[in-house]
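Here is a short report for a first look at this structure. The model is a predicted one.

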Amino acid sequence: IDENKARATKAVTDHRPLLDAIAKKLIEVETLEQEEFDKIDTNYSDIFYGVLSLSLRWDSILMWSHYASNHEGFCIGFNKEKMRNLQSLGANGPVIYSNQYPKINPLKTYELESVILKSHSKSEEWSYEQEFRFVKIFNDANPPPEKRSITFPIEFIEEIIIGYKTPNEHTEEIKSLTSEMKIPLFKIEKKNREYKLIKRTI
């Protein structure tokens, strides 16, 4: 993790003149509206940052509805410690949920600590997601897709969980793959008389 921080710090240092110029411009424009600032900041973030958002939970009814095609998809369970120790993923940590925006010094907007503070802050309304994020700062502007892509070793995967509405043909395909790779496979079920999800081995 210290090595990841060192790499991210180096990336920030390499772009220091540009970052200082952006921060200075933002401070000089006293009438800059929040919307304008967000646009400038978002454009820069898209160029130099990469963020991987995961969750610490698998049993959220809302997340299965939103992110898994209304319970028809599947969930991949990764080994947390192996993921955190993977240097290519960058700095990492849980998302902090609050009703207030994080306070960031404009002169330090693109310092590593500020980058993490921005990427790991969300409204309390999203707290049910229990997100855990990885953020990487790239040395090159607009890195090609291959530099933004990460290949995980199979041993990083601890389980696959399929939704309770996953079509049979997809279930059989996933069963075949997990059996070949020796990855535990589970299927979501609705708990009787409760708004809860449980998983069972298949």
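## The sheet

Three strands make up an open sheet, and their order is β1-β6-β3. The pairing is antiparallel. β1 (49-55) and β3 (91-94) are the edge strands. Each has a single partner strand, so one side of each lacks a neighbour in the sheet. From one strand to the next, the twist averages 20°.

β1 pairs with β6 (residues 131-137) through seven bridges, in the antiparallel sense. Val51 has Val135 of β6 as its bridge partner. Helix α6 (residues 112-119) packs on this sheet and touches β1, β3 and β6. The direction of α6 makes about 145° with that of β6.

## A buried histidine

His71 sits in the loop between α4 (61-67) and β2 (74-78). Its relative accessible area is 3%, so His71 counts as buried. Leaving out residues up to four places away in sequence, His71 touches Ile61, Trp64, Ser65, Gly163, Tyr164, Lys165, Thr166 and Leu197.

## Aromatic rings

The count of aromatic pairs comes to two. In one of them, the ring centres of Phe78 and Phe152 are 5.1 Å apart. Their planes stand at 50°, so this pair is tilted. The pair links distant parts of the chain, 74 residues apart. Phe78 belongs to strand β2, while Phe152 lies in the loop between α7 (145-148) and β7 (157-162). Phe78 is partly exposed, at 24% relative accessible area. Phe152 is partly exposed too, at 25%.

## Charges over rings

The charged end of Lys122 sits over the ring of Trp126, 4.5 Å from the ring's centre. Lys199 lies over the face of Phe186, at 4.8 Å from the ring centre.

Notes. Residues are numbered from 1 along each chain as its sequence is written. This is a predicted model: local features need pLDDT of at least 70, side-chain atom pairs count only at pLDDT 80 or more; totals for chains, interfaces and linings use all residues. Side-chain values use heavy atoms; hydrogens and water are left out. Two strands pair if DSSP finds at least two bridges between them. Helices (H or I, at least four residues) and strands (E, at least two) are DSSP runs, numbered from the N terminus. Axes are lines fitted to C-alpha atoms, for helices over the stretch in contact, and angles run from 0 to 180 degrees between N-to-C directions. Contact means heavy atoms within 4.5 Å. Buried means under 20% relative accessible area, exposed over 50%, partly exposed in between (1.4 Å probe, protein chains only). Rings of Phe, Tyr and Trp (its six-membered ring) pair if their centres lie within 6.5 Å; planes under 30 degrees apart count as stacked, over 60 as edge-to-face and the rest as tilted. A charge sits over a ring if NZ of Lys or CZ of Arg is within 6 Å of the ring centre and within 35 degrees of the ring normal.
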